[in-house]
Amino acid sequence: MIQETTDRQHFSIKKHFTYPLMTFLFIAGLFEYFKFDLSIAKFIFNLQGGVDNWPLRYHWLTETVLHEGGRHFIILLGALLLCIISTSFKRSTWCKYRSCLIYLFISVLTSILLVKFIKDVTHVSCPWDVIQFGGSVPYVPTFKPLPKGTPLGQCFPGGHSSGGYAWVALYYFFLQVKPEYRKLGLAFGIGLGGLFSLTQQLRGAHFFSHGIWSLGISWFVASILYYLLFVRPRLQTQQTKPQPNLAYSPENKEVKFNKAL
């Protein structure tokens, strides 16, 4: 059975939102201030023996298997999840998981679409477009304005990595269904997103921090949706429960006396 008290036992605003937000902003700030993105990209570029291009950009493993194949794998997971949700309307044994499955689908889809929207409105270029790596545009930190005449980039945050990181919502899915597996769900999302993020860095498609932002967005989307769909309704239900009548009456005198003791 779905655990009815999981939010009270394991979920807290500080643990799942405030502390992660502080950690995320601290790490993102370090990358922005010290330009770690450029240093890491140079290390990976030189490690590949790059001169005026990224040797692994079109490699069969990074391009065909991990990039294109990874995208198809995420689509397959989404389609499988939809099939399971549809089946839950036909099988009574699965219906108790329906709300959690729908939450998981909404969270994954929202994370991916939000990252895509941000990519469309930001100006950050891909490493393979930057002068230091054979491109034609200067490197500009994420939150600094572009020099006049510089074309807009669309490489921030990491779109491919978001397809993996979005599955950190499995943490909350298992928190609701089987809490002892929640960390495994989190590990799956971080591991898959980390693999996709590394793939894109090896190809020169993204800087390191782009994956950090995708992970952060995915985690906070999952956390906010879980709070809105599961935690807050229970809190509201508890607040609206009628309180026991404590007015004096001969019938409940003995009961009240025993409670007082």
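This is a predicted model: local features need pLDDT of at least 70, side-chain atom pairs count only at pLDDT 80 or more; totals for chains, interfaces and linings use all residues.
Local features need pLDDT of at least 70 and side-chain atom pairs pLDDT 80 or more, while totals for chains, interfaces and linings use all residues. Residues are numbered from 1 along each chain as its sequence is written, and side-chain values use heavy atoms, without hydrogens and water.

**Exercise 1.** Describe the largest pocket and its lining.

Step 1. A pocket is an open set of points on a 1 Å grid over the protein atoms alone, where a 1.4 Å probe fits, with protein on both sides within 12 Å along at least five of seven lines; lining residues have an atom within 4 Å of a point.

Step 2. Take the volume (the space filled by probe spheres set on the points). The value is about 450 Å³.

Step 3. Find the centre. Of 22 lining residues, Ile74, Ile112, Gly159, Ser162 and Gly163 lie nearest to it.

Step 4. Assign helices (DSSP runs of H or I, at least four residues). H4 (60-88), H5 (98-121) and H6 (159-165) each supply at least two lining residues. H5 gives the largest share, 9 residues.

Step 5. Sort by class (Ala, Val, Leu, Ile, Met, Phe, Trp, Tyr, Cys and Pro nonpolar; Asp, Glu, Lys and Arg charged; the others, Gly among them, polar). The lining has 11 nonpolar, 7 polar and 4 charged residues.
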